[in-house]
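Thanks for asking me to look this over.

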Amino acid sequence: MIALRVAGTGRFLPEREITNEDLSRTLDTSDEWIRSRTGIRRRRILDPGDPPADMGVAAARAALKRAGLTPRDVDLLLVATNVPEEIIPGSAPFIAEGLGLSHEPPFFDVKAGCAGFVFGVAIAGALMESGLAGNALVVGIEALSRFVDWEDRKTCVLFGDGAGAVVLVRDSGGERGILGVSLHGDATKRELLRIAAGGVRLPASPQTVAEKKHFLEMKGRGVYQSAVTMMERATVEAAQRAGISLSDIDWLLPHQANLRIIEALVKRLGFPRERVLVNIDRVANTSTASIPILLDEAVRDGMIREGHILALTAFGAGACYGTVILRW
Ligand code: ACO
């Protein structure tokens, strides 16, 4: 076990809301199609020109405030995102700058697709356990609205923007902490989700722009088929490593990619639906931000209480997938 406590959580969602009906005015789609296939009713979208990092800074500030800490107390900053502010140096320096981390703690981006936040919590826990870090701030930021083709109904209806954050502090002597972790990567699924251009394999050119190669490409069926078994495997494995059975888990927080994926996962795990947290109907798939947003909502609603066991499970581009089980 890694002894630690989630001292604070925070989230930020942009003001602007776009409903399925709004989308159906400009796109050949319908509320019925989107709702029945994905469970999504509406999503928040960041205004063009607003930097996604500002959402991360706002979520991080809220988490620090709830933890009763200041930016000066951050010993490690991890930022999970698919939308780097710049390809080099990524997003973490922008969050550090926004928070004013002038004491120069280490920071870096965690790039593990939509599983980035789960990977980030596991990495932060390991660094804390090893003594390399004291208090850790883990932030998930997403603005995939910037990378989807708004004329492609197969992808643009699925995503929403937002950010979430947690502050982890050491908690020696107690029962709280990370009980079990399972992280995996399956490179045979590398092409299920990608932005093909803009990297070194296919550098940006007028042709890549004309061919829309800078937008997110997704093989929806393939993602769907892999996601359920990946999250199932990781959750079963993490529970085994934690020495608990699935029935000991009070709350399952699955990555919010698609309601049907969540329901299929829950069925395969034989887990009670009423103990599964869901917000995809209101905020859509916020990628790396989905779990910390969900967590903050549940904490604010008073659903998560001391002693509860939580399983955070996610999958994403790579394909990276994993589960972290923690006692609150
Ligand atoms: N509105 C109306 N029709 C649509 C839409 C839409 N928004 N999108 C696709 N269609 C059409 C297609 O064009 C296709 O029409 P055709 O048969 O005439 O060609 C038809 O619906 C069926 O398309 P499929 O892609 O086969 O639809 P499917 O039933 O597989 O559902 C979906 C698509 C919802 C994307 C599903 O595959 C899915 O949920 N996959 C998982 C995607 C996912 O979770 N992505 C997560 C992103 S990454 C992450 O979070 C890690």
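1. Domain bounds here come from an automatic or database domain assignment. Domain 1 (2–170) and domain 2 (177–327) both give residues to the shell around the ligand, so the ligand lies between them.

2. A word on the basis of these notes: this is a predicted model, where local features need pLDDT of at least 70 and side-chain atom pairs count only at pLDDT 80 or more, while totals for chains, interfaces and linings use all residues. Residues are numbered from 1 along each chain as its sequence is written, and side-chain values use heavy atoms, with hydrogens and water left out.

3. There are 24 residues around the ligand, counted as near if a heavy atom lies within 4 Å of it. Thr29, Arg221, His255, Asn258 and Asn285 come nearest. By type, the shell has 11 nonpolar, seven polar (Gly is put in this class) and six charged residues.

4. Which element gives the most to the shell? That is α8, with four residues; helices are DSSP runs of H or I, at least four residues long, and strands are runs of E, at least two.

5. Now the polar contacts (N or O pairs within 3.5 Å). A ligand nitrogen is 2.6 Å from a side-chain N or O atom of Thr29, and a ligand oxygen is 2.8 Å from one in Arg221.

6. The disulfide count is zero, taking a disulfide as two cysteine sulfur atoms within 2.5 Å. The sulfur of Cys320 is 10 Å from the closest cysteine sulfur, in Cys114, too far for a bond.

Conventions. Polar contact = N/O pair within 3.5 Å; in protein donor to acceptor, adjacent residues only side chain to side chain.
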